[in-house]
Amino acid sequence: MISLKRNPKTKELIDATGITSQEWRIYKPNQDKDFKLSRSRFDAFKSCPRCFYLKSNRGLMEPSTPGWTLNTLTDTLLKKEFDKCRSEQTPHRIMLENDLNHLVPYQHPDIDKWRNSFSGGITHRFKDTNIILQGGIDDVWFNTKTEELIIADYKSQHKKTKVSQATYFSDPYKDSYKMQLDFYAYLLKGMGFKVSTDAYLYICNAIEADDGFHGKMLFDETLIKYEVKTDYLDEDIQKMIDVMNNNNVPDSNKSCENCAYARQRSSYDRI
């Protein structure tokens with residue numbers, strides 16, 4: 001897909017520079033000023049250090065993509081359901097259906113801030129560095145038996161095969177979902193909360209149940225359990241910071257399609 005740069009307010013076409021105009025988004029190696037890194041930026045580092053570095057340290061901006069508006073609406077509607085249960089401190093229907101009557105949506109004065117990455121989300125300073133890790137979380141549940149917090153994330157999709165605990169994580173791209181839950185648990189632990197090793201993905205899978213659209217879509221809802229692991233994150237986050245504090249651009253992941261496209265594109269420019 002070819003993406004054209006537009007003024008966000010007027011929607012008029014403007015020159016695309018490929019570099020961010022916001023200096024505060026660019027990290028200078030060994031700088032003293034605090035620098036915020038999102039969960040998605042850490043995911044980018046794990047996928048391709050070169051792409052991560054060029055964006056974080058050089059301000060290179062990849063082409064924009066359309067927003068996932070249907071997925072966002074699903075998240076919004078689910079949050080409304082869980083907020084009603086939160087105010088009443090009662091289990092949501094998906095909890096009752098999975099014999100998790102001891103779980104309720106977690107009440108906290110900052111829950112709306114935690115769920116909004118634009119307002120900061122959940123944040124934690126990495127050790128004694130200037131790196132502030134952050135991420136917007138879909139929801140946090142509370143285990144009334146153990147008094148632990150539980151990470152929950154909503155996922156919308158369409159697959160003809162039935163979603164099941166046994167097969168859900170067999171696809172390699174789901175590794176990023178697991179790392180996402182690990183990262184959020186790591187941040188909440190860093191914020192001083194008691195966090196459960198149990199985490200959940202609330203999967204909304206659109207199904208072809210009718211003979212036409214008829215102005216509606218139907219979804220199967222499945223709760224997928226995951227055991228969070230945070231021990232590896234200290235080392236990986238430190239590796240990420242070490243890359244940021246180096247003046248040399250790191251090698252790319254050999255499987256990175258962005259880097260492969262950039263190499264091939266530049267080769268034609270030299271002809």
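Let me start with one residue. Leaving aside its neighbours within four places in sequence, which residues is Met 191 in contact with? They are Trp 114, Ile 122, Thr 123 and His 124. Contact here means heavy atoms within 4.5 Å.

Some ground rules before I go on. This is a predicted model: local features need pLDDT of at least 70, side-chain atom pairs count only at pLDDT 80 or more, and totals for chains, interfaces and linings use all residues. Residues are numbered from 1 along each chain as its sequence is written, and side-chain values use heavy atoms, with hydrogens and water left out.

Back to Met 191. It sits in the loop between α6 and β7 (195-207). Helices (H or I, at least four residues) and strands (E, at least two) are DSSP runs, numbered from the N terminus. Met 191 counts as partly exposed, because its relative accessibility is 30%. The cut-offs: buried is under 20% relative accessible area, exposed is over 50%, and partly exposed is in between, with a 1.4 Å probe and protein chains only. Met 179 is 12 residues away from Met 191 along the chain, and their C-alpha atoms are separated by 18 Å.

Now the overall picture. The protein has eight helices and eight strands. Its C-alpha atoms fill a box of roughly 60 × 55 × 40 Å along the principal axes. Of the 271 residues, 38% are buried. Take the contacts with a separation of 6 or more: 66% of them join residues 24 or more positions apart.

Next, the sheets. Two strands pair if DSSP finds at least two bridges between them. For angles, axes are lines fitted to C-alpha atoms, for helices over the stretch in contact, and values run from 0 to 180 degrees between N-to-C directions. β3 and β4 (residues 131-135) run antiparallel, joined by four bridges. Arg 125 stands opposite Ile 132 in β4.

In α1, the buried residues are Arg 39, Arg 41, Phe 42, Asp 43 and Phe 45. They pack against β1, α2 (49-56), β4, α6 and α7.

The other sheet I want to show is also open. Five strands run in the order β2-β5-β6-β7-β8, again with mixed pairing. β2 (103-105) and β8 (218-227) stand at the edges with a single partner strand each, so one side of each has no neighbour in the sheet. Here the twist averages 30° from one strand to the next. β2 pairs with β5 (residues 139-143) over three bridges, in the antiparallel sense. Leu 103 has Asn 143 in β5 as its bridge partner. Helix α3 (residues 69-88) packs on this sheet, touching β2, β5, β6 (148-157) and β7, and its direction makes about 145° with that of β6. α6 lies across β5, β6, β7 and β8, running at about 150° to β6.

So how do α6 and α7 meet? Helix α6 (residues 175-190) and helix α7 (residues 233-244) pack at about 95°, with axes 11 Å apart. That makes them roughly perpendicular (65 to 115 degrees). Asp 182, Phe 183 and Tyr 186 in α6 meet Leu 233, Asp 234 and Ile 237 in α7. The residues of this contact divide into four nonpolar, no polar and two charged.

Last, the cores. A nonpolar core is a set of buried Ala, Val, Leu, Ile, Met, Phe, Trp, Tyr and Cys residues joined through side-chain atoms within 4.5 Å. The largest has 42 residues, and Leu 133, Leu 188, Ile 237 and Met 240 have the most contacts inside it. α6 gives the largest share of this core, nine residues. A second, separate core of 14 residues includes Leu 78, Met 95, Cys 204 and Leu 223. Not counting residues up to four places away in sequence, Met 240 touches Leu 37, Phe 42, Phe 45, Phe 52 and Leu 133.

Note on methods: Parallel < 35°, antiparallel > 145°, perpendicular 65-115°, else oblique. Nonpolar A, V, L, I, M, F, W, Y, C, P; charged D, E, K, R; others polar.
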